[in-house]
Amino acid sequence: AFATVESVKFDRRGNELTIRVDEGKVDEIVVVGNNVTQDFVILREFPLEPEDVFRSKGALRGFRNFYGTGLFNRVTLQFDNSEGRKRLSLIVRERRYLLTRLGANYSLERKSNGFVELVGDNFLGTATKASVFGAIGDFRRSVEARFYTVRLLRSLFTAEARFYYKERIDRVYDDFVRQNDYLLTRRGGRFSIGQQIDRLGLISAELKMESINVEPDAAPFPVRADFQIRAFTLRSVVDKRDRLPFPTKGIFNRWYWETGNQTLLGSTTSYTKIFVGLEAYYPFRKHFNYHPYLRAGSADLTLPFSEFFFLGGRRNFPGLNEHELFGRQFIQTGIDFRYTPELSLPFEPFFIAKYEVGAAWRRPDDRILRSDFLQSISGSLVINSILGPLELTYSRLIGERNQLYFSLGFDF
């Protein structure tokens, strides 16, 4: 756009043609039309800088970056070569950044839950997503403030800060018989920074600071009532699923290593905890999909109860109640098959058959026995509608019991 021919000279004696060209270096880049978004947020997405030669490929890449942020309805370029300076203007039209979300769900086990969330996609004009979330239900209450950005200032690092208060009531089972209930309360925050790396996914480091309170409704309950968690976590997440909540293809792999330290972080107890989860979704013929998975975790004997691994529920080991099986060490694997009939309906029906096997141990030094492993077989009818998924699941915990699950709405 700025390249010009300054002069053309032909030397008849030497039969030589000289063409003098101005490459079109950009002297200045300005932003116009941004009432909220700060200039540096827009300029960091544009690969050209002052003194660079203008190239259309770079400009097109900048356009893709602009629209990829989700902050703008329209972006145009304007060239100005007056007053002896080559000025490039980025003219933007910002979209509305505030959003309110409402939702609810119901299940036979957890009863009704509702939430409200206020979301701002451009907090202080820095392209930071800020949200305030509140939820209430028969067995839970929570409020959380979250701040997240895919680019911290001008870097390529992601960053997140969360502050929350959460209450959750769960039931304790012994040999599949309900014993009593307990209330688990978390107060605290998490701070993380990470970067997207090819093949390794999002690699992040997180600092967790929580105050934990466990209140059983009856004795005995061998859990310390109050403690402080100060933990550092390294985490990797590779999520290539094509959609949620019912992917048709892609992988979802994650692992983390977490440590609580009394000396450096001031945690009530020191502990180490690791987790690995591997999942994949594969289409088969036209209407079928299969989903194998493996999850495992282990921790030392000092791991506090609130940080245990928990199994149970319609999505996480049908046949068990939510959080019914727990321990400092666990393994869980299975496969589900999904059939999607070809019907012209305003909703999407699925039939899912699932087999799962798993076990958990309270102590990492417990002897692993074949009898520790539980097996589950289940079948589900799912209707994916605009109101969220409607799921009806019938499961059999082999050798123990049968269980029926019903839920309506998205999990949150």
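# Strand pairing, burial and backbone geometry

Colleague: Which residue of β5 stands opposite Val-32?

Modeller: In this predicted model, Val-32 stands opposite Ile-91 in β5.

Colleague: What makes β3 and β5 a pair of strands, and in which sense do they run?

Modeller: At least two bridges between two strands are needed for a pair. β3 and β5 have five bridges, so they count as paired under that rule. Their sense is parallel.

Colleague: In which order do the strands of that open sheet lie?

Modeller: The order is β3-β5-β4, three strands with mixed pairing. From one strand to the next, the twist averages 20°.

Colleague: Why is one side of β3 and of β4 left without a neighbour in the sheet?

Modeller: Each has a single partner strand, because β3 and β4 stand at the edges.

Colleague: Which helix packs on the sheet, and which strands does this helix touch?

Modeller: The helix is α2, which touches β4 and β5. The direction of α2 makes about 150° with that of β4. Angles here run from 0 to 180 degrees between N-to-C directions.

Colleague: How do you know whether Val-31 is buried or exposed?

Modeller: Val-31, a residue of strand β3, has a relative accessible area of 14%. The limit for buried is under 20%, so Val-31 is buried.

Colleague: With which residues is Val-31 in contact, leaving aside neighbours within four places in sequence?

Modeller: Val-31 is in contact with Asp-39, Ile-42, Leu-43 and Leu-90. Contact here means heavy atoms within 4.5 Å.

Colleague: What makes a set of residues a nonpolar core, and how many residues has the largest one here?

Modeller: The members must be buried residues of the nonpolar kinds, joined through side-chain atoms within 4.5 Å. The largest such core has 20 residues. Those with the most contacts inside it are Ile-29, Ile-42, Phe-46, Phe-66 and Phe-72. The elements that give two or more residues to this core are β3, α1, α2, β4 and β5. Apart from it lies another core, of 15 residues, including Tyr-182, Tyr-271, Phe-305 and Phe-326.

Colleague: Which residues are in contact with Phe-66, again leaving aside neighbours within four places in sequence?

Modeller: They are Ile-42, Glu-45, Phe-46, Phe-72, Val-75 and Leu-90.

Colleague: Why is Glu-51 called exposed?

Modeller: The relative accessibility of Glu-51 is 51%. Exposed means over 50%, so Glu-51 falls in that class. Glu-51 is placed in the loop between α1 and α2, and has a positive phi of about 80° although it is not a glycine.

Colleague: Is Ala-127 buried or exposed, and what is its relative accessible area?

Modeller: Ala-127 has a relative accessible area of 16%. Against the limit of under 20%, Ala-127 is therefore buried. Ala-127 also has a positive phi, near 60°, in a residue other than glycine. This residue is found in the loop between β7 and β8.

Colleague: What is the form of the peptide bond from Leu-244 to Pro-245?

Modeller: The bond is cis, with omega near 10°. Pro-245 has its place in the loop between β13 and β14.

Colleague: What makes β10 a partner of both β9 and β11?

Modeller: The bridge counts settle this: ten bridges join β9 and β10, and 17 join β10 to β11. The rule asks for at least two, so both count as pairs. Each pairing is antiparallel. Phe-147 stands opposite Ala-161 in β10, and Tyr-165 stands opposite Arg-187 in β11. The hairpin of β10 and β11 has two residues between the strands, and in it Asp-175 takes a positive phi near 55°.

Colleague: How does the radius of gyration of the protein stand against that of a compact globule of 412 residues?

Modeller: The globule would have a radius near 22 Å, but the protein has 28 Å. Along its principal axes, the C-alpha trace spans about 105 × 60 × 40 Å.

Colleague: How many helices and strands has the protein, and what share of its residues counts as buried?

Modeller: There are three helices and 23 strands. Of the 412 residues, 42% count as buried.

Definitions and conventions
Residues are numbered from 1 along each chain as its sequence is written. This is a predicted model: local features need pLDDT of at least 70, side-chain atom pairs count only at pLDDT 80 or more; totals for chains, interfaces and linings use all residues. Side-chain values use heavy atoms; hydrogens and water are left out. Helices (H or I, at least four residues) and strands (E, at least two) are DSSP runs, numbered from the N terminus. Buried means under 20% relative accessible area, exposed over 50%, partly exposed in between (1.4 Å probe, protein chains only). The radius of gyration is taken over C-alpha atoms; the globule rule is 2.2 Å times the number of residues to the power 0.38.
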